[in-house]
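Please go through the structure below with the text beside it.

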Amino acid sequence: MAAGPLSPLHLLQFAALSALVGGLAAIERKGALQLMLSRPLVLAPLLGWALGDARSGLMLGVPLELLFLGGVNLGGSIPENETLLAGALTAALVPAGLIGGRGVDPALAALGLALFYPLAVVGRRLERAAELRNGALLETVLARVQGGDPNAVELNLRGLWLPFASAAAICAACALASPLLAAVRGACGPRVVLGLEGAWHAVWALAVACAIRAIRDPRAPAIAAAIAFVALGAGALFGSLR
Amino acid sequence: MMAAAGRPTEGSAAARRDRRDPIASGRLPATTLARVFLRSFFLQAAWNPRGMQNLGFAHAMAPALAAIYPDPRARARATARHLEFFNCHPYLAAGILGAAVRLEEQVAHGEIAEERVSALKQVLAPPFAALGDGFFWLALRPAAALLAAATAPALGLWSLFVFLGIYNTVHLGARVWLFAEGYRRGEGIVAAVAHAHVPWATALLKLSGAALAGILAARSLLVALAPPQAGAPLRLGHAALVAATIVGMTAILPRLRFAAALYLSLALGLAIGSGFF
């Protein structure tokens, strides 16, 4: 992987790609299709591929998927926005990894997650704002239908604009901020890097715990523990035989 | 409102005319039904706190209503029926959508009262929502994602296709089946869904998900334990951190906020990894 600063044109291309993919993912998440293309497990490698490093995207996407596996949009409840976080994190980290020449390593991933996690909360607020705007859209439609215009229901698709535009803007901004992130990662000394690697292990552990909770079955922790012991035993036996 | 048409004999001029007229024949063209089905993928485009999926439902019904009610005033009245509050699981709503199209045809024929359409939606939406949330959000998606996560080290990027393939085969198959059964059976969609063994499949998927989470827990421990370079000592501190985090967070996560859990884990990992402890 060649290290070095990205040209402004290259960075703008990355920002445009991030905006397009992030914006489309934002509407796929709830408003359209729901084929799970916007889940972190899919979005991060997909955006990573668009930016030139799909493997780094996969490295980010798997633990993010597990961390947010239990976030479910039930009725009026709004979970944290895992799609915005995955899009923004990938848009910032993959170019930063390219600039640093190491790709996205555990230290950069942990640093990025610590810095960008609040975007998941911002995403939830944006979703609430979009819902309120849709409420105003509904009033318009109701008035027109009562006035004898059944075609007013076509305004339904206008509800997709705000999620698209807000996510696209945030993902583009994150891509533009990637040189800054690369500089911060480059300034980390060896001891800090070791610490950040430890932090990434802890993120994985939290992700597994979140996945066990996401199953929402009282037997899940016991089953997971039993299988983990069996897998560790099998791994130890296999290792000693080799 | 249209009056019911008599049944013409097969091959007669009336039968040929009826094939072109959805109201007279009692069946909408396949293209119209396909348009309704495709629009069901945008059910939540304008989700709002007051009517929830009502605008999306009315938008999906629009092609069918345009075929059933050529008169704009009658169509506007029918459209208003579908702007009533509606909230269901977005996938299982396809069954209600198909049934609503069938019932609208019957309303247009004068076979049933228009209140039956609203009643069907109000009665079916809550149980279908509970069934869909339990199966798709809380069982199928976690199980498919955990399988993809567990196979990612071996399959790499192909693990995405494992996730999308498993999930969408079931999801899209269910949507098509529900819509078709809803249109074929009308209110009888309830019996079709009742025989679909959903609770049994949900329980099986949850158990599979728990087992896969166990495999991921073991893998996380082994990865943390492995030395960064050949010949270096095992990282016992990292492995202990991972084991303690998995056990501790599984126990306290519902009570501890996610943000606190994340930053606590990051801080502990940073401290142990940098040799602060």
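At what angle do α7(B) and α8(B) pack, and how far apart are their axes? The angle is about 155°, and the axes are 7 Å apart. Axes here are lines fitted to C-alpha atoms, for helices over the stretch in contact, and angles run from 0 to 180 degrees between N-to-C directions. That angle makes α7(B) roughly antiparallel to α8(B); angles under 35 degrees count as roughly parallel, over 145 as roughly antiparallel, 65 to 115 as roughly perpendicular and the rest as oblique. The two helices cross in a right-handed way. A crossing is left-handed if the near helix is turned anticlockwise from the far one by less than a right angle, and right-handed if clockwise.

This is a predicted model: local features need pLDDT of at least 70, side-chain atom pairs count only at pLDDT 80 or more, and totals for chains, interfaces and linings use all residues. Residues are numbered from 1 along each chain as its sequence is written, while chains are lettered from A and ligands numbered from 1 in the order in which they are written. Helices (H or I, at least four residues) and strands (E, at least two) are DSSP runs, numbered from the N terminus.

The crossing of α7(B) and α8(B) is right-handed, and the residues that make the contact include B:F136, B:L140, B:A144 and B:L155 of α7(B) and B:W158, B:F163, B:I166 and B:H171 of α8(B). Two residues are in contact if their C-beta atoms, placed from the backbone, lie within 7 Å. By class, the contact of α7(B) with α8(B) has 15 nonpolar, 3 polar and 1 charged residues. Ala, Val, Leu, Ile, Met, Phe, Trp, Tyr, Cys and Pro count as nonpolar, Asp, Glu, Lys and Arg as charged, and the others, Gly among them, as polar.

B:L205 lies in helix α10 of chain B. Not counting residues up to four places away in sequence, B:L205 touches B:A139, B:L140 and B:A143. The C-alpha atoms of B:L205 and B:F136 are separated by 10.0 Å, although these residues are 69 residues apart along the chain. B:L205 counts as buried, with 23 C-beta neighbours inside 10 Å. A residue is buried if 20 or more other C-beta atoms lie within 10 Å of its own, exposed if 12 or fewer, and partly exposed in between, with C-beta atoms placed from the backbone.

Another pair in chain B is α11(B) and α12(B), which pack at an angle of about 165° with their axes 10 Å apart. That makes α11(B) roughly antiparallel to α12(B). α11(B) passes α12(B) in a right-handed crossing. Among the residues that meet are B:G237, B:L241 and B:M249 in α11(B) and B:A261, B:L268 and B:G273 in α12(B). The residues of this contact divide into 5 nonpolar, 6 polar and no charged.

Chain A has 10 helices and 0 strands. Its C-alpha atoms fill a box of roughly 80 × 55 × 25 Å, taken along the principal axes. Of the 242 residues in chain A, 56% are buried. Among contacts in chain A between residues at least 6 apart in sequence, 76% join residues at least 24 apart.

Helix α6 of chain A covers residues 118-146; at 1.5 Å a residue its 29 residues should span 42 Å, and its end C-alpha atoms are 43 Å apart, which agrees. The expected span is 1.5 Å times one less than the number of residues. Buried residues of α6(A) include A:L119, A:G123, A:E127, A:N134 and A:V145. The buried residues of α6(A) pack against α4 (82-100), α5 (106-116) and α7 (161-176) of chain A together with α4 and α5 of chain B. After α6(A) comes A:G148, whose phi is positive, near 100°.

The loop between α1 (8-29) and α2 (40-51) of chain A holds A:Q34, and A:M36 is also placed in the loop between α1 and α2. Phi is near 55° in A:Q34, a positive value in a residue other than glycine. In A:M36 phi is near 70°, again positive in a residue other than glycine. A:Q34 is buried, with 20 other C-beta atoms within 10 Å, and A:M36 is buried with 21.

Lastly, the contact between the chains takes 77 residues from chain B and 80 residues from chain A. The largest share of the side of chain B that touches chain A, 15 residues, comes from α10(B). The residues of that side divide into 53 nonpolar, 19 polar and 5 charged.
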